[in-house]
Amino acid sequence: MARTLLIGSQETTWRAWLKANRKRRDLLVLDPADPDHGHLGRLAAFRGGKVLGSCFYGSLDPSRAPHVLVASLCRLLDLVADDALVQLFPMRGGPLLRHVVLLLAQLVEPAEILVPAKAAFDLEGFPVGPHEVELEAAFPDAVRSAQRKANWLKLLERCVEHQVELRGVSIEGARLGSGRAIKPEQLAKAGLQDVLHGEVSGGTLLLISDEDPDDTLLARALDMFHCGRTHVVPPGSYNGLLCSFARQSGEDFGTGMIQCIDFASRTARVLSDAVPPAPVRILKLGGLRVDTAGREMGEARPWQI
């Protein structure tokens, strides 16, 4: 038996269908907002109740980082059996997400694709099918929000505080850490001695600062660092962000939330379920913020922090 691809909708859930039809098949969940398997903000593969592996996503929005979805699928497909069920995120409007779904379907190479009966999205262009099945209605938004809060609280119960020295650690998923760092003496020469951190990436000058510098100083800095625009971010913007510890290979081994980043000492305080001491080589930052009471505090815009 070959793989089966499940593509749902915002109005339906695969919960009852899986209970009745999964049997002993492996399950790969490529839906970062799925509350039923305890891996919110992550993409995971399961054998029975055991987690075979997971990949950090850091958001509930599947359109936020399509490249992460593709990379995670490739990594997780190697862990599951040839007859695995692959559950995608709920389909919704927009050309980008549709093309991503078609690409994911091609990578899965399913023998069959199942979608909700009377699906409100275009069924053309898929490798096979799709076939329609009757699905249970999804819970109301308030219930799904409560489910997610319970999952966040379970994660927080497992977390302990870690001090992550950012020197020598790569940062992924954010504008921070994507460019060439500017030395403090260079910032001071540009009149930006109060700026906590600066870096240059692709013609953009990123400044971490409690206050927006004067326009005259910014113009001087743009000229000095050969940039076309400036991006100023308050240091508190990173507080509460979902994050993951990863090894040099990119393999995730700890999930949690940023408490704060001390840019003076280049140290991040992180609540994570990793076992200390954690050999962090890559710090992956997500876009969703969650507070210590398990409340979702909104998502940062992509590449704004």
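**Exercise 1.** Leaving aside its neighbours within four places in sequence, which residues is Leu30 in contact with? Then place Leu30 in its nonpolar core.

*Solution.* Keep in mind that this is a predicted model.
- Step 1: Once neighbours within four places in sequence are set aside, the contacts of Leu30 are Leu43, Leu69, Leu73, Gln87, Leu88, Phe89 and Leu104.
- Step 2: Now look at the largest nonpolar core, which has 31 residues. Leu30 is among those with the most contacts inside this core, together with Leu5, Ile7, Leu28, Leu73, Val86 and Leu88.
- Step 3: Two or more residues of this core come from each of strand 3 (27–30), strand 4 (42–47), helix 2 (66–77), strand 6 (85–88), helix 3 (95–108) and strand 7 (112–116). Helix 3 gives the most, with seven residues.
- Step 4: Another core, of 25 residues, lies apart from this one; Val164, Cys243, Val270 and Ala274 are among its members.

**Exercise 2.** Is Arg148 buried or exposed? Find its element and its contacts too.

*Solution.*
- Step 1: Arg148 sits in helix 4 (residues 141–158).
- Step 2: Its relative accessible area is 17%. Buried means under 20%, so Arg148 is buried.
- Step 3: Leaving aside neighbours within four places in sequence, Arg148 is in contact with Pro35, Leu40, Leu60 and Glu296.

**Exercise 3.** How are the rings of Trp14 and Trp17 arranged?

*Solution.*
- Step 1: The whole structure holds three aromatic pairs.
- Step 2: For Trp14 and Trp17, the ring centres are 5.5 Å apart and the planes stand at 85 degrees. Planes over 60 degrees apart count as edge-to-face, so this pair is edge-to-face.
- Step 3: Trp14 is buried, at 5% relative accessible area, and Trp17 is buried, at 16%.

Technical notes
Residues are numbered from 1 along each chain as its sequence is written. This is a predicted model: local features need pLDDT of at least 70, side-chain atom pairs count only at pLDDT 80 or more; totals for chains, interfaces and linings use all residues. Side-chain values use heavy atoms; hydrogens and water are left out. A nonpolar core is a set of buried Ala, Val, Leu, Ile, Met, Phe, Trp, Tyr and Cys residues joined through side-chain atoms within 4.5 Å. Buried means under 20% relative accessible area, exposed over 50%, partly exposed in between (1.4 Å probe, protein chains only). Helices (H or I, at least four residues) and strands (E, at least two) are DSSP runs, numbered from the N terminus. Contact means heavy atoms within 4.5 Å. Rings of Phe, Tyr and Trp (its six-membered ring) pair if their centres lie within 6.5 Å; planes under 30 degrees apart count as stacked, over 60 as edge-to-face and the rest as tilted.
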